[in-house]
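Let's take a friendly walk through some side-chain contacts. Have the sequence and the 3D view open as you read.

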Amino acid sequence: MEMVLDVYKRSYSELFPVVCMDESPKQLISETRNKIQASAGKPEKYDYEYRRKCSCNIFMACEPLTGERIVQITKRKTKKDWVQFIEKIATKYNSAKRITLIMDNYNTHTPGSFYEAFHPEKAKQLLDRFELVFTPKHGSWLNMAEIELNVLNKQCLNRRIGDIQVSLTKSEHGNHIEMRNTAESIGNLLHLMQELN
């Protein structure tokens, strides 16, 4: 736990950014009947019955000291999907020398995943761009990306979504992320660190 907290104490550096990453499944649920739209003095009505569809996976990365966020939604949660999201993070921070990545200790989050997804030269090149820092087994609450995922779920995905194509569209989650990035909603982790000291 102290290792993660020590990483959060680091000063902001464009060359050595600290990025948190987390992922969460989302069950896709569709309506069985059309909603009745709200009218004057009457609330919107919908049937309690629903149809379970497939699920998808939401990857979230955030930089706590700048409030910058990256989201990617995939059809499944595999090592290859994870590594492709890590590659997206590396692209976003192209000018960084080394990216410190804080994440949960899942079985897909291993250096071997890079070599399963890419040829060895590319895997090594990408892996060398990152310093991997894992949260403790029962300390995922230390990961700021988990907080951001909860915000995304409550403010944007808290309703029935029956089609992965709908959840993949920019209008579904992209506007929310743009709004959060523009508002610079930054977790006040430095204040928490000062209280802990």
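Phe-85 counts as buried, because its relative accessibility is 0%. Please keep in mind that this is a predicted model. Phe-59 is buried too, with a relative accessible area of 0%.

How many aromatic pairs are there in the model? The count comes to two. Here they are side by side:

| Pair | Centre to centre | Angle between planes | Type |
|---|---|---|---|
| Phe-59 and Phe-85 | 5.1 Å | 20° | stacked |
| Trp-82 and Phe-114 | 5.4 Å | 75° | edge-to-face |

Trp-82 belongs to helix H2 and Phe-114 to helix H3 (residues 111-117), so here the linked parts are 32 residues apart in sequence. Trp-82 and Phe-114 are both buried.

Now for the lysines. Lys-122 lies over the face of Phe-118, 4.4 Å from the ring centre. Is Lys-75 buried or exposed? Lys-75 counts as exposed because its relative accessibility is 54%, and the cut-off for exposed is over 50%. You will find Lys-75 in the loop that runs between strand E3 (68-74) and helix H2 (79-92).

Terms used. Residues numbered from 1 in each chain as written. Predicted model: local features only at pLDDT ≥ 70, side-chain atom pairs only at ≥ 80, totals over all residues. Heavy atoms only, no water. Helix = DSSP H or I, 4+ residues; strand = E, 2+ residues; numbered from the N terminus. Buried < 20%, exposed > 50% of the residue type's maximum accessible area, 1.4 Å probe, protein only. Phe/Tyr/Trp six-rings, centres within 6.5 Å; stacked < 30°, edge-to-face > 60°. Lys NZ or Arg CZ within 6 Å of the ring centre and 35° of its normal.
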